[in-house]
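Trainee: I have this one open in the viewer. Walk me through it, please.

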Amino acid sequence: MGKSEIPHEPVGPAVHKDDEALASPFVKCLLRLIRTQDSFGLWEGHSDAELLAEFIITKQQQRAVPFGGDPDPDALWRLDMFYTAVALAIEERSGVSTSPTIEMKPVGASGGWAFCRDVHRFGFETFRKLAEAGTKLVDDATAAIEA
């Protein structure tokens, strides 16, 4: 395991039971985006909860991730997928063309990631918190567009 990898455990039954969060429009948008990334069919047959398991990071798992160094590629993938899904959901709801404006790369002579120190730990404790965070961003952006 790399120094910034999240020590994932199998998705437990409690995670599978949040059907309301899994059915939210934002989460459905995120799932569509994730499934479009599967050009080789490796995720066929996987449930929605299994695909989103990478986004579920418990407090204990967050504490286990060492601070510093380059972020794990999986953390950067989660960050990119989440904010790309936010942009897509805003576009679907408002009709205004959007795109995420995140560019993650080391800065400065040290190559550090100081501007986003918790990127190593990006994730959500539950599917409900994932759905709420994405939905709030989409709601706030579409309200600003409509204003």
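**Rings, core and confidence**

Trainee: Phe55 first: buried or exposed?

Mentor: Phe55 is buried, because its relative accessibility is 0%. The cut-offs are under 20% relative accessible area for buried, over 50% for exposed, and partly exposed in between, with a 1.4 Å probe and protein chains only.

Trainee: What are the ground rules for the rest?

Mentor: This is a predicted model, in which local features need pLDDT of at least 70 and side-chain atom pairs count only at pLDDT 80 or more, while totals for chains, interfaces and linings use all residues. Residues are numbered from 1 along each chain as its sequence is written, and side-chain values use heavy atoms, with hydrogens and water left out.

Trainee: OK, rings. How many aromatic pairs are there?

Mentor: Searching the whole structure gives eight aromatic pairs. Phe55 and Trp77 make one that is tilted, at 5.7 Å centre to centre with 45° between the planes. Rings of Phe, Tyr and Trp (its six-membered ring) pair if their centres lie within 6.5 Å; planes under 30 degrees apart are stacked, over 60 edge-to-face, and the rest tilted.

Trainee: Where do Phe55 and Trp77 sit in the chain?

Mentor: They are 22 residues apart, so this pair links distant parts of the chain: Phe55 is in the loop between helix H4 (48-52) and helix H5 (59-64), and Trp77 is in helix H6 (residues 73-94). Helices are DSSP runs (H or I, at least four residues) and strands likewise (E, at least two), numbered from the N terminus. Trp77 counts as partly exposed because its relative accessibility is 25%.

Trainee: And what about Tyr83 and Phe122?

Mentor: Tyr83 and Phe122 form a tilted pair too, with 6.2 Å between centres and 40° between the planes. Tyr83 is in H6 and Phe122 in the loop between H6 and helix H7 (127-146), 39 residues apart. At 29% Tyr83 is partly exposed, whereas Phe122, at 13%, is buried.

Trainee: Which residues do ring pairs link into a cluster?

Mentor: Phe26, Phe82, Tyr83, Phe122 and Phe124.

Trainee: Switching to the core. Which residues in the largest one touch the most other members?

Mentor: Out of 28 residues, these are Phe26, Leu30, Leu52, Phe55, Phe82, Phe127 and Leu130. H2, H3, H4, H6 and H7 each give two or more residues to this core. A nonpolar core here is a set of buried Ala, Val, Leu, Ile, Met, Phe, Trp, Tyr and Cys residues joined through side-chain atoms within 4.5 Å.

Trainee: Which residues of H3 are buried?

Mentor: Phe26, Val27, Cys29, Leu30, Leu31, Leu33 and Ile34. Their cover includes helix H2 (19-22), H4, H6 and H7.

Trainee: How many helices and strands overall?

Mentor: Seven helices and zero strands. Of the 147 residues, 34% are buried.

Trainee: What about Asp118?

Mentor: Asp118 is in the loop between H6 and H7 and is partly exposed because its relative accessible area is 42%. Its C-alpha is 9.9 Å from that of Ala75, 43 residues away along the chain.

Trainee: Last one: what is the mean pLDDT?

Mentor: The mean is 80, and 76% of residues reach 70 or more. Residues 1-16 are below 50, though in the model this stretch has 33 contacts beyond near neighbours in sequence. pLDDT is the predictor's confidence in each residue, from 0 to 100, and contact means heavy atoms within 4.5 Å. Where pLDDT is low, predicted coordinates should not be read in detail.
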